[in-house]
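Colleague: I have not worked with this protein before. Could you take me through the model?

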Amino acid sequence: MKQEVLLNINGSPYEIMVAPNDTLADVVRRKLGMTGTKLGCEQGDCGTCTVLIDDKSQLSCLTLAIACEGKDIRTIEGLESNGSLDPVQQAILEKNGVQCGFCTPGVIMSAKGLLNDNPTPTREEIKVGLSGNLCRCTGYEKIIEAVEAVVDGEYSDQAKTQIGAE
Ligand code: FES
Ligand code: FES
């Protein structure tokens, strides 16, 4: 039986009817139209559905929406600030950490979760932090370099790409 839950997503409240087995991925993508969160394997193997829940990276395909009431949920759509990309988004973009882009939202959310826990990870810690995110295109090197650039402060005070700008 469906029940109403109040979910806080990207800083906004959403009152939604959910079934007990609706996943957070289903809710953000199909009910709210936030399709930046991707669905690949839907069984915890690929990481493309990663979001932040209370600042920790979590797999939204394995998370029941009903269990997220009262928590702070952030999807890739919620990373921009005043129309500008987040530093991790900017670094992935500029360091060529994107090819087809399917894995990219999950990679970025995992990197954000890693940096929330540890703002200065080593290269090995970055590899471990992103080890749950599969990418068929980039070979991972550019992604790791992008996160290293953020850790090194290369993107902290740089003008960021304005979303929607030419
Ligand atoms: S879709 Fe969630 S881990 Fe693959
Ligand atoms: S950029 Fe294509 S799967 Fe990662």
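This is a predicted model: local features need pLDDT of at least 70, side-chain atom pairs count only at pLDDT 80 or more; totals for chains, interfaces and linings use all residues.

Colleague: How many helices and strands does the secondary structure of the protein come to?

Modeller: There are five helices and five strands. Read from the N terminus, their order is β-β-α-β-β-β-α-α-α-α.

Colleague: And what is its radius of gyration against that of a compact globule?

Modeller: The protein has a radius of gyration of 16 Å, which agrees with the value near 15 Å that a compact globule of 166 residues would have. Along the principal axes, the C-alpha atoms fill a box of roughly 50 × 35 × 30 Å. Buried residues account for 39% of the 166 residues.

Colleague: Turning to the strands, how do β3 and β4 pair?

Modeller: β3 (residues 50-53) and β4 (residues 56-59) are antiparallel and are paired over four bridges. They form a hairpin, with two residues between the strands. Asp 54, in the turn, has a positive phi of about 50°.

Colleague: Which strand is joined to β3 by two bridges?

Modeller: That is β5 (residues 72-74), which runs antiparallel to β3. Leu 52 illustrates both pairings: opposite this residue stands Ser 57 in β4, and its bridge partner in β5 is Arg 74.

Colleague: Now the domains: where is the protein divided?

Modeller: Domain 1 covers 3-77 and domain 2 covers 87-151. Their C-alpha centres lie 21 Å apart. The contact between them takes 14 residues from domain 1 and 13 residues from domain 2.

Colleague: Which element supplies the largest share of the side of domain 1 that touches domain 2?

Modeller: It is β3, with three residues. On that side of domain 1, the residues divide into five nonpolar, six polar and three charged.

Colleague: Let us finish with α5. Which of its residues are buried?

Modeller: In α5 (residues 141-151), the buried residues are Ile 143, Ile 144, Ala 146, Val 147, Val 150 and Val 151.

Colleague: Why are they on the same side of α5?

Modeller: They lie on the same side because they cover an arc of only 155° around the axis.

Colleague: What do the buried residues of α5 pack against?

Modeller: They pack against three helices: α2 (87-94), α3 (104-117) and α4 (123-129).

Colleague: And what is the phi of Gly 153, which follows α5?

Modeller: The phi of Gly 153 is positive, near 85°.

Technical notes: Residues are numbered from 1 along each chain as its sequence is written. Chains are lettered from A and ligands numbered from 1 in the order in which they are written. A residue is buried if 20 or more other C-beta atoms lie within 10 Å of its own, exposed if 12 or fewer, and partly exposed in between; C-beta atoms are placed from the backbone. The arc is that of the directions from the helix axis to the C-beta atoms. Two residues are in contact if their C-beta atoms, placed from the backbone, lie within 7 Å. Two strands pair if DSSP finds at least two bridges between them. The radius of gyration is taken over C-alpha atoms; the globule rule is 2.2 Å times the number of residues to the power 0.38. Domain bounds come from an automatic or database domain assignment. Ala, Val, Leu, Ile, Met, Phe, Trp, Tyr, Cys and Pro count as nonpolar, Asp, Glu, Lys and Arg as charged, and the others, Gly among them, as polar.
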